[in-house]
Amino acid sequence: MSHGTLQVTVIEGRNLKDKDAFGQNDAYIELYMDKDYKQRTSTIKDTNSPTWNETFNFNLLKGQDTLHLKVYDEDLVGKDSIGSAKISLKKVQQAGGHLDEWVKLPAHLGLGSHGEIHLILRLS
């Protein structure tokens, strides 16, 4: 049973931590509320400040209150993790159901940053 919809627009990233020895990141993002249903952006090649402008919709189920983001650098073989973040849907509710913000990708132990992702979230 659905408890509303979350629309997530992934606008862009900036200052993503470089994972490649040569060149810059080939970045993409996985988004999910539930690990069994992940959505992902397209891969933006050779930049640490990618622009996606892609929108995703999630049907919210009871108990789902956190959006997970995982940012990766796509490689010929596999992928490297650039960073990850969690966004509480309570924060979106407190903002009146619409939140437009830069989400930091904290570095190990929260020291520093692996970049930021610009998201627009809408609850309905």
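Helices (H or I, at least four residues) and strands (E, at least two residues) are DSSP runs, numbered from the N terminus. Two strands pair if DSSP finds at least two bridges between them. The model is predicted, so local features need a pLDDT of at least 70, side-chain atom pairs count only at pLDDT 80 or more, and totals for chains, interfaces and linings use all residues. Residues are numbered from 1 along each chain as its sequence is written, and side-chain values use heavy atoms, with hydrogens and water left out.

**The open sheet**

- Strands of a sheet pair through backbone hydrogen bonds, either parallel or antiparallel.
- Here, 4 strands form an open sheet in the order β3-β2-β5-β6, with antiparallel pairing.
- Because β3 and β6 (79-88) stand at the edges with a single partner strand each, one side of each is left without a neighbour in the sheet.
- Neighbouring strands of this sheet are turned by 25° against each other on average, direction ignored; the axes are lines fitted to C-alpha atoms, and angles run from 0 to 180 degrees between N-to-C directions.

**The two hairpins**

- Strand β2 (residues 27-34) and strand β3 (residues 37-40) run antiparallel and are joined by 4 bridges.
- These two strands, β2 and β3, form a hairpin with 2 residues between them, and D34 stands opposite Y37 in β3.
- Strand β5 (residues 66-74) pairs with β6 in the antiparallel sense over 9 bridges, and K70 has S84 in β6 as its bridge partner.
- The hairpin of β5 and β6 has 4 residues between the strands, and G78 takes a positive phi near 80° there.

**The surroundings of E54**

- E54 belongs to strand β4 (residues 51-61).
- Leaving aside residues up to four places away in sequence, E54 touches V8, T9, V10, R40, T41 and S42, where contact means heavy atoms within 4.5 Å.
- The side chains of E54 and S42 make a polar contact (2.5 Å); such a contact is a pair of N or O atoms within 3.5 Å, and within protein one must be able to donate a hydrogen and the other to accept it, while residues adjacent in sequence count only if both atoms are side-chain atoms.
- E54 and E12 lie 42 residues apart in sequence, and their C-alpha to C-alpha distance is 9.2 Å.
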